[in-house]
Structures are given as structure tokens and as C-alpha cells.
Amino acid sequence: ERGSDLVGINMEGPYISPRKVGAQNPKYVMGADAAMFRRLQARSNGLIKLVDVAPEEPGNLDFIKECHDEVRISIAHTCTDYDTAKAAFAAGATHMTHLYNAMPGITHREPGPIIAALEEGAEVELITDNVHIHPAMVRFTFNTFGDDHVILIADSMMACGLPDGQYSLGGQAITVKGPRATLTEHPDTIAGSNTCLYDCMKRAVLEMNVPLESAVRAASETPAKSIGVDNDYGSLAAGRYGNVILADKELNLKAVIQKGVRIV
């Protein structure tokens with residue numbers, strides 16, 4: 001109730017590939033279900049802004065075609081190839097969740113979903129916690145997609161801002177040490193992030209050599225546009241809320257102003 005506004009929900013599961021669950025609980029994975037989504041959307045009072053879908057799974061392309069006018073569709077946790085990804089964008093998908101993570105990479109004979117996203121002008125998310133993605137790939141993505149198509153995300157889970165220790169995610173045990181969160185039983189599997197979005201943006205600038213203007217845009221205006229809340233959020237244009245942060249040259253926070261009122 002203080003310090004932020006809940007402007008939307010990302011429904012990251014369960015319409016994903018059982019072979020790319022990441023740290024999600026595999027027992028909940030299922031095919032995309034329009035009736036189920038609509039039931040959840042009604043319960044959330046329309047707050048679901050993004051639904052993640054693995055388009056190669058049976059029936060999931062039909063879901064994209066049926067529901068893309070009701071909610072934004074993101075390709076995620078997927079084994080999809082280039083052609084199926086292109087079909088998903090043609091069906092109405094517009095977004096890629098945490099690019100490079102939990103999806104096929106780029107090769108010269110199998111370009112995969114990342115190249116399809118580039119060709120179709122999709123918005124792509126990047127986790128810039130310096131754990132999920134190498135800084136060179138972060139720079140490559142900004143240079144290739146442009147800051148008007150890149151969205152910085154934290155992918156943070158319940159331990160964000162808390163000390164090292166044991167936590168849980170989807171009923172599974174998680175171990176947090178520093179910025180790294182992993183499945184306790186499978187320590188090679190990253191389980192979200194222990195870094196907040198501001199620190200991800202800060203690292204993109206200070207540790208990855210992303211221009212400040214591009215990082216700020218990718219953490220504010222571009223994501224606001226991607227989920228359709230940019231009439232109120234994401235920029236300091238006339239008519240938007242007066243949400244401002246003040247920082248020094250090292251990007252240490254000095255003040256937080258929410259809707260014109262200083263709260264920190």
C-alpha cells in the first residue's frame with residue numbers, strides 16, 4: 001500500500017513446456033486454457049496484463065489466436081523453433097519473457113525464437129542481475145533490438161531484499177546466496193533473482209556499459225507501453241503520475257517521489 005502501485009500481473013505459468021520449467025513446479029504445467037485464463041482474469045479484476053505461453057505445445061497456438069485481443073501474450077519457457085515462434089507472433093504474441101533464459105539459443109541453421117522476435121519487432125525482457133545473462137549479451141541485445149523494445153526485469157522472488165538462506169518458490173525449496181537463487185535440490189538451476197529492478201538497472205549501467213538513457217527507458221517507458229499502462233506510468237510526460245526517483249552520479253538512490261509526494 002506504500003511505495004508502489006500494483007499495475008498488473010504476469011501469469012508466467014502454467015502454459016509452458018514441461019521440458020523448460022526452470023524453477024517452476026512441473027506438476028502444475030498444462031496446456032493453455034482460455035476458460036481458465038478468463039476465470040482467473042475475472043478473479044483478478046482484469047489485472048493480468050501478460051500471459052506466458054510455449055507456442056509449440058498442443059493447442060497453445062489456438063489459445064494465442066483466441067486470447068491475444070484480451071491480454072498480451074509472451075513466448076516463454078519454451079522449446080519452440082523459429083517457424084513456430086513466427087507463427088505465434090502472427091497469431092498475436094508480442095512479447096518474449098526473460099530473453100535467452102529457458103528457450104533455444106541462436107545458431108546459424110536453427111535461428112530459433114530470438115531471431116523470430118527480432119524480425120517481428122517483439123518486446124524482449126532481460127534479467128540484468130549479472131547472474132542470468134553475460135554483460136556482452138546484454139549490450140548485444142540493446143544494440144540489436146533497441147531500447148524501445150528491451151524491457152529490464154528483475155525476475156525477483158520472495159527473497160528479494162532479504163538475507164541469504166532458505167526460501168521457497170512454487171512449493172519448491174530455494175537456496176539464496178548473494179544475488180544468486182537456486183533450487184536447493186538442483187543447485188545448477190537458477191530460481192529467479194534476489195535483485196530488485198532498480199539494482200538491475202544500476203548494474204546494466206555501471207557493470208555492463210549500457211547507456212544510462214537506454215537503461216532508464218528499458219526500466220520505465222518501454223515496459224509501461226508493453227502492458228498498456230503508459231497513459232499513467234513510465235514517463236514524465238504531461239498527464240502521467242508524478243513518480244520520480246532522484247539519484248547521484250553513482251546511481252545511489254537519494255529520494256523517491258510517488259504521485260508528487262516524497263515518500264523516501
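The following conversation concerns a predicted model of one protein chain.

Q: What does the secondary structure of the chain come to?
A: The chain has 8 helices and 13 strands. This is a predicted model.

Q: And what radius of gyration does the chain have, against a compact globule?
A: The chain has a radius of gyration of 18 Å, which agrees with the value near 18 Å for a compact globule of 264 residues. Along the principal axes, its C-alpha atoms fill a box of roughly 50 × 45 × 40 Å.

Q: How much of the chain is made up of buried residues?
A: Buried residues account for 41% of the 264 residues. As for contacts between residues at least 6 apart in sequence, 57% of them join residues at least 24 apart.

Q: Turning to the open sheet, in what order do the strands come?
A: The order is S1-S2-S3-S4-S5-S6, giving an open sheet of 6 strands with parallel pairing.

Q: Which are the edge strands, then?
A: Strand S1 (9–11) and strand S6 (150–153) are the edge strands, and each pairs on one side only.

Q: How many bridges join S2 to S3?
A: There are 4 bridges between strand S2 (residues 48–53) and strand S3 (residues 72–75), and the two run parallel. Within this pair, Leu-50 stands opposite Arg-72 in S3.

Q: Where does helix H1 lie?
A: Helix H1 (residues 34–43) lies across S1 and S2, and runs at about 155° to S2.

Q: How do the axes of H1 and H2 cross?
A: They come within 10 Å and cross at roughly 45°. H1 and H2 are therefore oblique to each other. Ala-34, Phe-37 and Arg-38 of H1 make the contact with Phe-63, Glu-66 and Cys-67 of H2. By class, this contact has 4 nonpolar, no polar and 2 charged residues.

Q: And H2 with H3, at what angle do those axes cross?
A: The axes of helix H2 (residues 60–67) and helix H3 (residues 82–91) cross at roughly 20° and come within 8 Å. That angle makes H2 roughly parallel to H3.

Q: Which residues make that contact?
A: From H2 the residues are Leu-61, Ile-64 and Lys-65, and from H3 they are Ala-87, Ala-88 and Ala-91. The contact of H2 with H3 has 5 nonpolar, no polar and 1 charged residues.

Q: Changing topic: in what sense do S7 and S8 pair?
A: Strand S7 (residues 165–169) and strand S8 (residues 172–177) pair in the antiparallel sense, over 5 bridges. Ser-168 stands opposite Ala-173 in S8.

Q: Which residue takes a positive phi in that hairpin?
A: Gly-170 does, with a phi near 60°, in a hairpin that has 2 residues between the strands.

Q: Now Thr-195: is that residue buried or exposed?
A: Thr-195 is buried, because its relative accessible area is 4%, and the cut-off for buried is under 20%. Its place is in the loop between strand S10 (190–193) and helix H6 (197–206).

Q: What does Thr-195 touch, beyond residues up to four places away in sequence?
A: Thr-195 touches Asp-129, Ala-154, Ser-156, Cys-160, Pro-179, Cys-200 and Arg-203.

Q: Lastly, where is Leu-118 found?
A: Leu-118 is in helix H4 (residues 112–120), and at 33% relative accessibility it counts as partly exposed.

Q: What is Leu-118 in contact with, leaving aside neighbours within four places in sequence?
A: Leu-118 is in contact with Thr-144 and Phe-145. The C-alpha atoms of Leu-118 and Thr-144 are 8.0 Å apart, although the two residues are 26 residues apart in sequence.

Terms used
Residues are numbered from 1 along each chain as its sequence is written. This is a predicted model: local features need pLDDT of at least 70, side-chain atom pairs count only at pLDDT 80 or more; totals for chains, interfaces and linings use all residues. Side-chain values use heavy atoms; hydrogens and water are left out. Buried means under 20% relative accessible area, exposed over 50%, partly exposed in between (1.4 Å probe, protein chains only). Contact means heavy atoms within 4.5 Å. Two strands pair if DSSP finds at least two bridges between them. Axes are lines fitted to C-alpha atoms, for helices over the stretch in contact, and angles run from 0 to 180 degrees between N-to-C directions. Angles under 35 degrees count as roughly parallel, over 145 as roughly antiparallel, 65 to 115 as roughly perpendicular and the rest as oblique. Ala, Val, Leu, Ile, Met, Phe, Trp, Tyr, Cys and Pro count as nonpolar, Asp, Glu, Lys and Arg as charged, and the others, Gly among them, as polar. The radius of gyration is taken over C-alpha atoms; the globule rule is 2.2 Å times the number of residues to the power 0.38.
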